[in-house]
Amino acid sequence: MVTKQKILIVDDDENIAELISLYLNKECFDTKIVYDGESALSAFETYQPNLVLLDLMLPGIDGYQVCREIRSNSSTPVIMLSAKGEVFDKVLGLELGADDYMIKPFDPKELVARVRAVLRRYQPAKQEVPADSKIKCVEYDGLSINLTNYSVTCDDHSVDMPPKELELLYFLASSPNQVFTREQLLDQIWGYEYIGDTRTVDVHIKRLRGKIKDHPDWKLSTVWGIGYKFEVR
């Protein structure tokens, strides 16, 4: 029997939460609904979801703080849900570690599609890799980026990062010294729906630099006026 993937739904609007749950249940996901930030953090520990759908405007602890708490000790994917459409709110959500951001009102079918897309990219490091599969791994002095089991090791220490960060780092490191525009990176890592929102790339590069410090032999470099590259000396 295949174990259903678990989705934690955090939204203080009961009608929206129930609608999301209904669509996800129809797609064979297991769901749990909570209506405030404190309950979300408690449920995250006990329910141990594969993904969190997190509304920003919650009573008590807001969605930003919930995301911050989750990301402090877990790389479980988070999709933020909000009626706020300003760029600042979206960028802040991404800076805190969200993997995707959807603005209300949204089509439940699109939400399900995004949940599937994020889960496809997220594979726990403990997952076994078939012996005959091709391992996608890039290695430099002091750095190993494994896209097959979604793990990063830097200076012999494991580095936790959400799937999008890892995919971006792997893509750049796979083509050393090649310059990519923000638009090219958006297209490769996020897909066409993010075209035009180039701040998304900047946010993820900033987060990567906070986790992967410059090395004497390599670094993440900004090419002013163009984009970014993984520079190898």
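Visitor: Does tyrosine 150 count as buried or exposed?

Guide: This is a predicted model, in which local features need pLDDT of at least 70 and side-chain atom pairs count only at pLDDT 80 or more, while totals for chains, interfaces and linings use all residues. Residues are numbered from 1 along each chain as its sequence is written, and side-chain values use heavy atoms, with hydrogens and water left out.

Tyrosine 150 counts as buried because its relative accessibility is 16% (buried means under 20% relative accessible area, exposed over 50%, partly exposed in between, with a 1.4 Å probe and protein chains only). Tyrosine 150 sits in the loop between strand 7 (143-146) and strand 8 (151-154); helices (H or I, at least four residues) and strands (E, at least two) are DSSP runs numbered from the N terminus. The phi of tyrosine 150 is near 50°, positive although the residue is not glycine. Most residues other than glycine have a negative phi, and most peptide bonds are trans.

Asparagine 177 also has a positive phi, near 70°. Its loop runs between helix 6 (163-173) and strand 10 (180-181). With a relative accessible area of 39%, asparagine 177 is partly exposed.

The peptide bond between lysine 104 and proline 105 is cis, with omega about -5°. Proline 105 belongs to the loop between strand 5 (100-103) and helix 5 (108-121).

Lysine 104 also takes part in a salt bridge with aspartate 11, where the closest N and O atoms are 2.8 Å apart (a salt bridge is a side-chain nitrogen of Lys or Arg within 4 Å of a carboxyl oxygen of Asp or Glu). That pair links distant parts of the chain, 93 residues apart, with aspartate 11 in the loop between strand 1 (6-10) and helix 1 (14-26). Lysine 104 is buried at a relative accessible area of 18%, and aspartate 11 is buried at 0%.

In another salt bridge, aspartate 100 meets arginine 114 at 3.0 Å, N to O. Aspartate 100 lies in strand 5 and arginine 114 in helix 5, so this pair ties together parts 14 residues apart in sequence. Both aspartate 100 and arginine 114 are buried.

Arginine 207 and glutamate 165 form a salt bridge at 2.4 Å, N to O. It links helix 8 (residues 199-211), which holds arginine 207, to helix 6, which holds glutamate 165, across 42 residues. Arginine 207 is buried at 11% relative accessibility, and glutamate 165 is buried with a relative accessible area of 1%. Salt bridges with shared partners join Asp11, Asp55 and Lys104 into one network. The count comes to 9 salt bridges.
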